[in-house]
Number of protein chains: 2
Amino acid sequence: MTKPLYKAVKTTLLDRIRSGDLAFGDPLPNDADLAEEFGCARLTVYRAMRELADEGYVERRRRAGTRVATRASRGVQLSIARVDEEIFARNAVYRYERLLREKAVPPAAVVTAFALKAGQKALHIRCRHWADDRVFQLEDRWINLEAVPEAAERPFLHYGPNHWLLEHVPFSEVHHDISAVCADAADAEGLKVAVGHALLRLGRTTVSKAGCITVADLKHPGELFSLCSDPQPA
Amino acid sequence: MTKPLYKAVKTTLLDRIRSGDLAFGDPLPNDADLAEEFGCARLTVYRAMRELADEGYVERRRRAGTRVATRASRGVQLSIARVDEEIFARNAVYRYERLLREKAVPPAAVVTAFALKAGQKALHIRCRHWADDRVFQLEDRWINLEAVPEAAERPFLHYGPNHWLLEHVPFSEVHHDISAVCADAADAEGLKVAVGHALLRLGRTTVSKAGCITVADLKHPGELFSLCSDPQPA
DNA sequence: CCCAGTAATAAGTATATACTTAATCATTCC
DNA sequence: GGAATGATTAAGTATATACTTATTACTGGG
């Protein structure tokens, strides 16, 4: 039940930083001195310091010591969960609806990403994710059947392709890009909003060893993300 | 120059996961056995494993051992850098332009966030961040003078408030939310786009021990973020 | 047969110790 | 004066060892 020592050291140091006791660029004592101050081993201080450095609170350089980092260098953890989980977290009822499933020649950008030969087809899925009686996300996805031939057998009628892909394709690199677009006629119809309504668009490209697996275009009618940096460390 | 041992262990294990050799849910050998396999100390394996767990590749439970994690549990690191850095990274010339600076009674939402008394004023800044000859970001910001009284003396004529705040307010919690909006008349004028153009809106609220410091509304005409999960571990 | 108690196990924490490496400072020599 | 040289320092890596704790699996008593 008692908090690990290295975490106690970490929060003590973090408090000094947060309170402004130690300002940006200020040096911290070296590991050995802190170990003496806290009455613990240097490795324990080292672990606390390494985590603070990993989290971007401090910057460490050999010989030069440790300093409070400039805020600019920090990042934000954005968790992009599965749609159904996202919806569940909002206390809404999730419903999946398939709109289209076809094998077709994809648009040029996708052909390039998949490295397909001219005229070669890929699997095209359009579907909707509902939260209660509102459309939460409109999904337009292409799946590379060269990389994932098993996908050709899947109807994706009762659950989304993302769900299946997550479980059947080994760990892969995922690129996201976020942008804003105005709803065109198809978007407006699919999302039940007016043409010209501002949509949040999340593009997702999944690449594994076998090549580019899938390209998805996910559109949301409203706000999507709420992020928070500086998660309170335990 | 040679790679640390714990990292070598880490990438070896990661390769087995990535390649699909170990599928989701598959158990990994225990630390002691792996230590023997790699001919190193258990702590070295432990460190590699802990990092893999921190990065979301594996899940560890006492007594139950370590298993390859389900992909769903992973997050994405979104780095929201300073605008000027962001623009510099795109090989464009950054220019700052102040549009408005006034002390005024903020809108209700901001009054609540700042916990201001009725009629109490805050500092209001509107400014533009240019990338070459295009407006990259339109910023509308309120600063709580109760929490940061020094800000009242700043003209913010040649550099943005974010720049100054980052260096003068100790580490604080930052909340972000991303949404899409249509440009209203003011947005259209400020960003030099047509009314109704889809904008990516980033809301940013900064809270420190002293209370809510600032609320900013940052609007972009095009795409803003490009994210990537699974950064190649070194 | 089921539940409680317990033993076994694997992750996790903590310490001492030793060595490596990068960076900085001071010195020396050209 | 300035560049090469070497000493020093502090972070970083690696290992052995020991103990703690959560959890599973087993086992004996009701």
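Predicted model: local features only at pLDDT ≥ 70, side-chain atom pairs only at ≥ 80, totals over all residues.
1. Helices (H or I, at least four residues) and strands (E, at least two) are DSSP runs, numbered from the N terminus. A residue is near a molecule or strand if its C-beta atom, placed from the backbone, lies within 6 Å of it.

2. Residues are numbered from 1 along each chain as its sequence is written, and chains are lettered from A and ligands numbered from 1 in the order in which they are written.

3. DNA strand D is surrounded by 24 residues, of which A:Asp31, B:Leu5, B:Cys40, B:Ala41 and B:Arg63 are the closest. At least two residues each come from α3 and β3 (65–68) of chain A and from α1 and α3 of chain B. For the class counts, Ala, Val, Leu, Ile, Met, Phe, Trp, Tyr, Cys and Pro are nonpolar, Asp, Glu, Lys and Arg are charged, and the others, Gly among them, are polar. The surface near DNA strand D then has 11 nonpolar, 4 polar and 9 charged residues.

4. Around DNA strand C there are 25 residues, and A:Leu5, A:Cys40, A:Ala41, A:Arg63 and B:Asp31 come nearest. Elements supplying at least two residues each are α1 (5–18) and α3 (42–54) of chain A, with α3 (42–54) and β3 (65–68) of chain B. Here α3(B) gives the most, 4 residues. The class division is 11 nonpolar, 5 polar and 9 charged.

5. A:Arg63, listed among the residues that come nearest to DNA strand C, sits in the loop between β2 (58–61) and β3 of chain A. Its phi is positive, near 70°, in a residue other than glycine. Most residues other than glycine have a negative phi. A residue is buried if 20 or more other C-beta atoms lie within 10 Å of its own, exposed if 12 or fewer, and partly exposed in between, with C-beta atoms placed from the backbone. A:Arg63 has 4 other C-beta atoms within 10 Å and is therefore exposed.

6. B:Lys192 is also not a glycine and has a positive phi, of about 60°. B:Lys192 is located in the loop between α7 (185–191) and β9 of chain B. Because 14 other C-beta atoms lie within 10 Å, B:Lys192 is partly exposed.

7. Two residues are in contact if their C-beta atoms, placed from the backbone, lie within 7 Å. The contact between the protein chains involves 46 residues from chain A and 46 residues from chain B. On the side of chain B that touches chain A, at least two residues each come from α1 (5–18), β4 (76–78), α6 (161–168), β8 (173–182), β9 (198–208) and β11 (225–228) of chain B. The most come from β8(B), with 10 residues. By class, this side has 24 nonpolar, 12 polar and 10 charged residues.

8. The expected span of a helix is 1.5 Å times one less than its number of residues. For the 14 residues of α1(B) this should be 20 Å, which agrees with the 20 Å between its end C-alpha atoms. The buried residues in α1(B) are B:Tyr6, B:Val9, B:Lys10, B:Leu13, B:Leu14 and B:Ile17. Seen down the axis, these residues fall within an arc of 130° (taken from the directions from the helix axis to the C-beta atoms), so they line one face of α1(B). Their cover includes α2 (31–38), α3 and β3 of chain B. After α1(B) comes B:Gly20, with a positive phi near 90°.

9. In α6(B) the buried residues are B:Pro161, B:Asn162 and B:Leu165. Their arc around the axis is only 95°, which puts them on the same side of α6(B). The elements covering them include β6 (122–131), β7 (134–143) and β10 (211–220) of chain B.

10. B:Ala131 belongs to strand β6 of chain B. B:Ala131 counts as partly exposed because it has 19 C-beta neighbours inside 10 Å. Leaving aside neighbours within four places in sequence, B:Ala131 is in contact with B:Ile87, B:Arg90, B:Ala92, B:Tyr94 and B:Phe136.
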